[in-house]
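Welcome, and please take a moment with the sequence and the structure shown below.

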Amino acid sequence: MGAAMRRIHVGNALSAFGLGFTVPFLYVYVAQVRELGPTTAGLVLAVFAVAALVVLPFTGRAVDRRGPLPVLLAALVTAAIGAMSLGLAANTQLVLASAALLGAGQAVMQPALATMIVECSTPETRTRAFAMQFFLQNLGLGLGGLIGGQIVKHERPGDFTLLFGIEAGMFLVLVAIMATVKLPAQPRIGDATPQAKGGWKRLFGNRAMVQLCVLGFVLFFACYGQFESGLSAYGVEAAGISPSTLGIALAANTGAIVAAQFLVLKFVERRKRSRVIASVGLIWAVAWLFAGYAGLGHGSQAMATAAFISTYALFGIGEAMLSPTVAPLVADLAPDGMVGQYNSAFALVKQLALAVGPAVGGPMGASLHGPYIVLFVLFSLGITVLAVKLGRSLTPAQDHPWAEKRSLVVREGKPAPEVAGV
């Protein structure tokens, strides 16, 4: 692992650690501590999504024109200002404006960091690089939330100002670290080959990328878009799950990711990416069946609780399989000089799914228990179908890079090596 990649991974961990301090407590902070009510708290969460949807269509072009590092540094400073302002804001207008800055900064970080990982890795090391990124993000979020929960004891404004101050400080520390990263020279839109020009039109002309974006929307809609909305409401209303048990279920999800990430890595990198994604759809279908048993079965409360926690753990195993699969595939589909555009487009798809998912799943999970489970079992099976179709549009190098690399080495008369780490 090179020095640049080490700094990028430290950056991922620190940014996630900072976010973990505040994300679990945003609703309580706005609605109760600042006494602005549940409506304003809901607006804050909506502003995060809207800010992301506004900035992401322009992020990719900025990354490809200027490079990911300057864009990342600007995003970090913006997020730091937003976090500190949110910790000090005491009225609705300032809270919403601060949330917009923080949401915009967070949204831009994701494709900028992903592009930096692509530029500092090779096709052979990229799978492990993205697996490490996802592992550190979840570890950072979990530790940040755990420590943040210990700081907030009495729900006083000063406690939360400290939390947001720590988050802002993490972003500024990250600015100092990332400013030292030296990226390899890459073609930019301004001086790239003609194929790097064309922006969104060229992206929409890439059939495989369009299929991957549709698949990505279903993935995020059926999983992440339900975690803190529909699935939580279903657990409370249908399965009788307590709020504290919801916390345990979320911890089981993070724990499954941390435990499984590198255990599944060799399995994932030696198989076709489309088949890995297809298998995730099947795993998530089983997860939704567990959720169905928890709320619609006739077992004991202990069995319902165990089934509900297992749902989140199974989701975590699927996420651990996706992290080293989908992000490298986005990079491999991108023409030279357009990696930032492709990463931003996929991040935009994710934000759309995260915006639509709670709006659809929340009401259904709270009241239409049977249809809710059936719908998301079907969505999970749809992931499998879409992944198989995507595989037909990919080249062998895009769908199964490990086999292509191994075949090339064998043809050159050398022993086929194990896939190297980053």
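Is Arg-273 buried or exposed? With a relative accessible area of 4%, Arg-273 is buried, where buried means under 20% relative accessible area, exposed over 50%, and partly exposed in between (1.4 Å probe, protein chains only).

A word on the ground rules: this is a predicted model, in which local features need pLDDT of at least 70 and side-chain atom pairs count only at pLDDT 80 or more, while totals for chains, interfaces and linings use all residues. Residues are numbered from 1 along each chain as its sequence is written, and side-chain values use heavy atoms, with hydrogens and water left out.

**Salt bridges**

The structure holds 3 salt bridges, each defined as a side-chain nitrogen of Lys or Arg within 4 Å of a carboxyl oxygen of Asp or Glu.

| Salt bridge | N to O distance |
|---|---|
| Arg-126 and Asp-332 | 3.1 Å |
| Glu-269 and Arg-128 | 2.8 Å |
| Asp-332 and Arg-273 | 2.7 Å |

Asp-332 lies in helix 16 and Arg-273 in helix 14 (residues 273–296), so this pair ties together parts that are 59 residues apart in sequence. Helices here are DSSP runs (H or I, at least four residues), numbered from the N terminus. Arg-126, Arg-273 and Asp-332 are linked in a network of salt bridges.

Because Glu-269 lies in helix 13 (residues 265–269) and Arg-128 in helix 6, the pair ties together parts that are 141 residues apart in sequence. Glu-269 is buried at 9%, and Arg-128 is partly exposed at 21%.

**Helix 6 and its surroundings**

Helix 1 (residues 3–22) packs against helix 6 at an angle of about 30°, with the axes 6 Å apart; axes are lines fitted to C-alpha atoms over the stretch in contact, and angles run from 0 to 180 degrees between N-to-C directions. The residues of this contact divide into 13 nonpolar, 9 polar and no charged.

Leu-143 sits in helix 6 (residues 126–151) and is partly exposed, with a relative accessible area of 40%. Together with Leu-139, Leu-146 and Ile-147, Leu-143 forms a nonpolar surface patch of about 330 Å² accessible area. Patch residues have over 30% relative accessible area and no salt bridge, with nonpolar side chains joined within 5 Å.

**A loop residue**

Glu-35 lies in the loop between helix 2 (26–33) and helix 3 (37–66). Glu-35 has a positive phi of about 55° although it is not a glycine, and at 67% relative accessibility Glu-35 is exposed.

Note on methods. Patch = residues over 30% accessible without salt bridge, like charges linked within 9 Å, V, L, I, M, F, W, Y side chains within 5 Å. Areas by Shrake-Rupley, 256 points an atom, 1.4 Å probe, with all protein chains shown as cover. Helix = DSSP H or I, 4+ residues; strand = E, 2+ residues; numbered from the N terminus. Nonpolar A, V, L, I, M, F, W, Y, C, P; charged D, E, K, R; others polar.
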